[in-house]
Amino acid sequence: MSLTLTTPYTEAPAPALAPRELETLRHIASGCTYLQAARQMGLSRHTVDAYLRRIRAKLNINNTAELTRLAISLGL
């Protein structure tokens, strides 16, 4: 399952997030550190970091607070 979003700054749809990106976003928004998220997902911390970099790039989001706000608005 992928998710297509609209960016908060434009009416154009943002690129879809992959299922693992959504899962990563859910863990970080719930307060997990990168390492905790990685352990729960069975990944390395570096992979979680890579997923978050891709999410930020796709959605033009610059920090964890914005990622968390996005996750809350999506009901994750």
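Visitor: How much accessible surface does the chain have, and what share of it belongs to carbon and sulfur atoms?

Guide: Accessible areas come from the Shrake-Rupley method with a 1.4 Å probe, and for residues only the protein chains shown count as cover. Here the accessible surface of the chain is about 4,600 Å², and 55% of it belongs to carbon and sulfur atoms. Please note that this is a predicted model, in which local features need pLDDT of at least 70 and side-chain atom pairs count only at pLDDT 80 or more, while totals for chains, interfaces and linings use all residues. Residues are numbered from 1 along each chain as its sequence is written, and side-chain values use heavy atoms, with hydrogens and water left out.

Visitor: Which elements does the chain contain?

Guide: Helices (H or I, at least four residues) and strands (E, at least two) are DSSP runs, numbered from the N terminus. This chain has 4 helices and 0 strands, and its elements run α-α-α-α from the N terminus on.

Visitor: How does one describe two packed helices?

Guide: Two packed helices are described by the angle between their axes and the distance between the axes. Axes are lines fitted to C-alpha atoms, for helices over the stretch in contact, and angles run from 0 to 180 degrees between N-to-C directions. Angles under 35 degrees count as roughly parallel, over 145 as roughly antiparallel, 65 to 115 as roughly perpendicular and the rest as oblique. Helix α2 (residues 34–41) and helix α3 (residues 45–59) pack at about 105 degrees, with their axes 8 Å apart; α2 and α3 are therefore roughly perpendicular to each other.

Visitor: Which residues of α3 and α4 meet, and at what angle do these helices pack?

Guide: The angle between α3 and α4 is about 75 degrees, with their axes 11 Å apart, so these two helices are also roughly perpendicular to each other. In contact (heavy atoms within 4.5 Å), L52, I55, R56 and L59 of α3 meet T64, L67 and L70 of α4.

Visitor: What share of the residues is buried?

Guide: Buried means under 20% relative accessible area, exposed over 50%, and partly exposed in between (1.4 Å probe, protein chains only). Of the 76 residues in the chain, 34% are buried. In helix α1 (residues 19–29), the buried residues are E21, L22, T24, L25, H27 and I28, and their cover includes α2, α3 and α4 (64–73).

Visitor: Is E21 buried or exposed, and which residues does E21 touch?

Guide: E21 has a relative accessible area of 1% and therefore counts as buried. Leaving aside residues up to four places away in sequence, E21 touches A16, Y51, R54, I55 and K58. The C-alpha atoms of E21 and V48 are separated by 8.5 Å, although these residues are 27 apart along the chain.

Visitor: How many residues has the largest nonpolar core?

Guide: A nonpolar core is a set of buried Ala, Val, Leu, Ile, Met, Phe, Trp, Tyr and Cys residues joined through side-chain atoms within 4.5 Å. The largest one has 17 residues, and L17, L25, V48, L52, I55, L59 and L67 have the most contacts inside it. Each of α1, α2, α3 and α4 supplies at least two residues of this core, with α3 giving the most, 5 residues.
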